[in-house]
Amino acid sequence: MSLFSLGLVRAIVGQILGMLTGMATTMLIRVMLGLPAWAAEPSWTVGAIFSIIGALWAVGALSDWAKWMKGEETPMHHGPPEGKPAWTRYFGVDYNHKVIGVQYTVWGIFLLLVGGTMALIFRTELAESGRQFLSLELYNNFIGMHGFIMIFAILLGIGGMANYLVPLMLGAEDMAFPRLNALGFWFNVPGSLLLLSSLFIGGWDAGWTAYPPLSARGPIGYQLFFLGVFAVGLSSIVGSLNLLVTILQMRPKGMSLFKMPIFCWAVFATSLIQLTATQLIGLSFLMVSTQRALGMGFFDPGLPGATLMTGLGDPILFQHLFWFYSHPAVYIFILPGLGIISELLPVFSRKPLFGYKWIALSSLAIAIVGFLVWGHHMFVSGYAPVLRYAFMYSSLLVAVPTGVKFFSWLGTLWGGKLTFETPMLFVLGAISVFLIGGLSGPILGTVPSDLPLHDTYFVVGHFHATMFGGFVFPFFAALYFWFPKVTGRMYNETLGKIHFAIMTPAFWVQTLGQMGVGVMGMRRRIADYDPTLGGGSIEAWQLSITIAGFLIGFGVLLMLWNFFQSAEVGVLAGDNPWRSRSPEWQIPSPIPEHSFASPMVVHGEPYDYGLPEPYVAFAAAGDD
Amino acid sequence: MQNNTRHFAAIGVLVVIFTFVVFWILDAVLKFPLAASTQAGPIDSLIQGHLWIIAFLFSLVVVIAIYSLFLFRRREGDTEEGQYIHGNTTLEILWTALPMVVVIAFGYWSTVVLVDITQRPDNEIIVNAEGYQWGWNFSLPNSDAVTQELVLPVDTPIRMDLTSKDVLHNFWVPEFRVKQDIVPGRTTYLRFTPTIEGEYRLICSELCGLNHTGMIAPVRVVSQDEFAAFWNQDVQTASSK
C-alpha cells in the first residue's frame, strides 16, 4: 500500500501543487503585463485559492461530479475502499455519514489541541508580569490564531456530532446529499492548513476579529488566513444545507418535527444560522483581501501618505459585516451543545424532558434574536449613538429564551432518578459553566456597565465560559456518551470521572479569574500587564489562571488516552448501555455499514422514560 | 405534593441565604479601580444592580440543581424510572415572562444612565487627543502646543475629541470608567468629568498592532488654576524643545 493511497496525503500534496500552480499563473500573467514576475501579495493570494481546489481535486472530493459532467455513472460505494485496509477509509473521501462524522470529530479534536497549545504558550507568558519569552509579534499572532483555530475546532466538533447523530436519530440511511457531505468535510482540511501555514509567512497580528485598517496593512499571512476562513465557511454552508434538508425531508413516517430527538432541533436552529450568516464573514474578509491585493478601498479611511488608498471607505463598515456573522456564530457554537445537554439529561434522570416544545422553540428564538444583536460588539465603536439603545434592548432579549432552557433543565432534574456517570457529570458541569457565561452576559449588554468592561479580560472570561459551557463540556459529554456506540466498547469510568474532577474546578478558576482581572482594568490582547492592578493582587490571579489552563489541558489529554486505551481493551458495551430510548441505541454497536436493517417506525415520544411503549421500533423484514 | 412544599420552602430559604453570600463574595472579589469621574457613580450603581441579579439567579439555579442532585439521586437497588412529568405550561410562561420584565427594567435603567452620562453640559471644555502607533498627542483647540501628557482640570466637564493617525485605537482611563474607540478618518467624542485630583494612566484598549501593550500615556488631573498655568507655560516649553 503506497502512502498516496491515503486521501489525506494526496490532499496535502495537491494543496502544495495547487499553491505552486497558482503562483506560477500569477507570475505568468504579471510577466505578460510587463510587470516584475514576483509580487508577494497577489502570488500568495492566487496560490491559496488554487491550493484549496488542488487539495479537493487530489483527495477526490470532486471526482464524482467531474465524472457526471463527462456522462459517467458513479454508483454509490458502500463499505471500506476495495483492496485497502478498512481504517484507510477515515483518511480519504467516504460517503458514509458515520465515517464523515468521525472525520469531523477527530480533525476538530486535533485543532482543539493545536489551539489549546497556543493558549498555554501565551498563558505561560502571562503567568507573571513583565515580558519573558514571547516576542510581541508572536504574542499577537498567537492570540488571533488561538481564536480562529478554536472556531474551526468548534465548527468541526459540531459538524462531527451533527453528521454522526442526525441521520441515526431520524432513522435515515444517510444524509440527504452524501457527496456534498464529504465535500463539506474536505473543505476543512485545506482551510485549516492554510490558516496554520499563515504563521510561517509573517502571520497576522490583528486578533481573530482582524479589524481594518490594521488587517489591511499587516503581513502577508492575512491572505492565507482569509482564504482559510473562506474554505471553512463554504464547509459550513454546504454542511448546514445538507442537515436542513435531511431534517426536513428524511424523517420516518410518524415523526413530526415535535417528535424528533431534541438534538435535531438544536442542529436545525444552528444550521439555519450557518446557512444564512456565514456569507457575511466570507464577504467581510474577501473585501479586506481585495483591498490589500487590488486596492479596492472598502474600509480605507484615506489617510495622508498611504498607498493603495482611495479614501472613500469606512473601517466601521467592516465591523458591521463582521459581527453580522460573528455574533450569530456564537449561537452556532452553543446551540448544538445545549441540545446535547437537553438530550442527555432525560437519559440520566430517567424521566421525560421538561417542556420539550419550549426548549425546541427557545433554540429557534435564540437563532432569530441572534441576528438582531450584533451591534453590542460595537457599543464603543463610534457608530450612531442611537444604535446603542436599539442593540442594548435586542441583546437583553437573548436572556429570555436562554433562561427558559435553564429552568427546563432544572425541571427535568426534579423528580428524577439521577445517576452520575461521566457524560452526566459533564452535562452538569456544562450547566454550571454556561450559567457563569450566561449570567456575565447582561452586564455587557447594557451600555453603561459595558463601558468599563468592554475590551477587557472580563469579556474574555465571559465568552470562554459560554464556549466551554455551550460547546466544550457538552462536546466532551457527547464523546463519552456515544463512545460505546461508535467503538462498541466502554471507556474507563474512573479516568472519565478524574477528567471531570480536574477540568471543572480548573475551568471555574480560569473563567472567574479572567473576569476578575478584567474588572481590575486589564485590557484584552496585551502581552504584559501592570502588576499594580487590583492593589497588586493581579499576579496571583494570573498565575492561578495559567495553572488552571494547564490542568484543563491535562484533563483533555487524559480523556484522549482513555479513549485510545478503551477502544482496544474496554469492556464490550452492548447495544444500549445507557438504556436510552433514542433510535441509535436500538441498533448494534458498533453500527454496521447500513445502520438500519429494516425501516424505523415511530410509536411514541422520544423521552417517555417510565412508559413501556418504545419511541421507535423496526418493521420486521418483509413487513410493510 | 405536601412533600414538595417542604422542599420548596427549604430551597427558598437557601436561595435567599446564598444570594447574600454570593453577592458578598462578588463584591469582595471584583475590585473595580477608584471611581474618579461623575460618570462613574451611576455606572457603578448599575453594575451593583447587575451583581445582585447575578447573585440571585446564580443561587436560584445552583441551589435547585444541587438540592435535586441530593434529593433525587438513585438509591442503591432502586430500579424504578423517574416521575412521569412532561412539563408545566404555567411555569414555562412564568419563567419566560418574569425574565422579560427584569431585562426590560434593566434596559430602562441603563437608558436613563446612558442619557445622563452622555448629555452635553453647558460649560464643557474641549481637549483633542490623537492616537498613533504607538503613542498619544494631546492639544487644545486654538493652540499649536502639543504634549504627550494629558493634563485635565478637576470638576470640569471634558469633551475629548478623538482622532487617529493610522489604525483603530481606544481612549480609556479605567478610573473614569467610560471608553471610546478612535477611528481613522473621523472624529469620535467622549464626555466625562474628572472629580479627583491625581495621576492616572490612559491606555489604548483596541488592538492596534505590535506595541498595543505599551500604548499608555500619563494622565494628571489638577486644579483648574494649575490646568490654565500648564497650558500657558509648560506646554510651550515642551513643544519648543
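This is a predicted model: local features need pLDDT of at least 70, side-chain atom pairs count only at pLDDT 80 or more; totals for chains, interfaces and linings use all residues.
**View 1. A nonpolar patch on the surface includes Leu14(B).** Its members are Val13(B), Leu14(B), Ile17(B), Val21(B), Trp24(B), Ile25(B) and Val29(B), with about 630 Å² of accessible area together. Areas come from the Shrake-Rupley method with a 1.4 Å probe, and for residues only the protein chains shown count as cover. Patches take residues with over 30% relative accessible area and no salt bridge; like charges are joined within 9 Å, and nonpolar side chains (Val, Leu, Ile, Met, Phe, Trp, Tyr) within 5 Å. Leu14(B) is partly exposed, at 33% relative accessible area. Here buried means under 20%, exposed over 50%, and partly exposed in between (1.4 Å probe, protein chains only). Helices (H or I, at least four residues) and strands (E, at least two) are DSSP runs, numbered from the N terminus.

**View 2. The largest nonpolar core has 270 residues.** Such a core is a set of buried Ala, Val, Leu, Ile, Met, Phe, Trp, Tyr and Cys residues joined through side-chain atoms within 4.5 Å. Phe148(A), Phe225(A), Phe285(A), Phe476(A), Met160(B) and Phe171(B) touch the most other members. Helix 5 (residues 136-169) of chain A gives the largest share of this core, 22 residues.

**View 3. Chain B meets chain A.** In this interface, 90 residues of chain B are in contact (heavy atoms within 4.5 Å) with 86 residues of chain A. The buried area, which is the accessible area (1.4 Å probe) that two parts lose on being put together, summed over both, is about 7,500 Å² here, and carbon and sulfur atoms give 69% of it. Phe72(B), Trp95(B) and Leu207(B) supply 9% of the area that chain B buries against chain A, more than any other three residues.

**View 4. Salt bridges cross between the chains.** A salt bridge is a side-chain nitrogen of Lys or Arg within 4 Å of a carboxyl oxygen of Asp or Glu. The interface of chain B and chain A has 5 of them. One pairs Arg186(B) with Asp314(A) at 2.7 Å, N to O. Another pairs Glu81(B) with Arg350(A) at 3.0 Å, N to O. Glu81(B) sits in the loop between helix 2 (40-71) and helix 3 (89-118) of chain B, and Arg350(A) in the loop between helix 10 (315-349) and helix 11 (356-369) of chain A. Glu81(B) is partly exposed at 25% relative accessibility, whereas Arg350(A) is buried at 5%.

**View 5. Glu493(A) and Lys497(A) form a salt bridge (3.8 Å, N to O).** These residues are separated by about one helical turn, because they stand 4 residues apart in helix 18 (residues 493-520) of chain A.

**View 6. Trp231(B) lies in helix 4 (residues 224-240) of chain B.** Trp231(B) is buried, at 7% relative accessible area. Leu140(B) is 91 residues from Trp231(B) in sequence, yet 8.4 Å apart in space, C-alpha to C-alpha.

How values were computed. Residues are numbered from 1 along each chain as its sequence is written. Chains are lettered from A and ligands numbered from 1 in the order in which they are written. Side-chain values use heavy atoms; hydrogens and water are left out.
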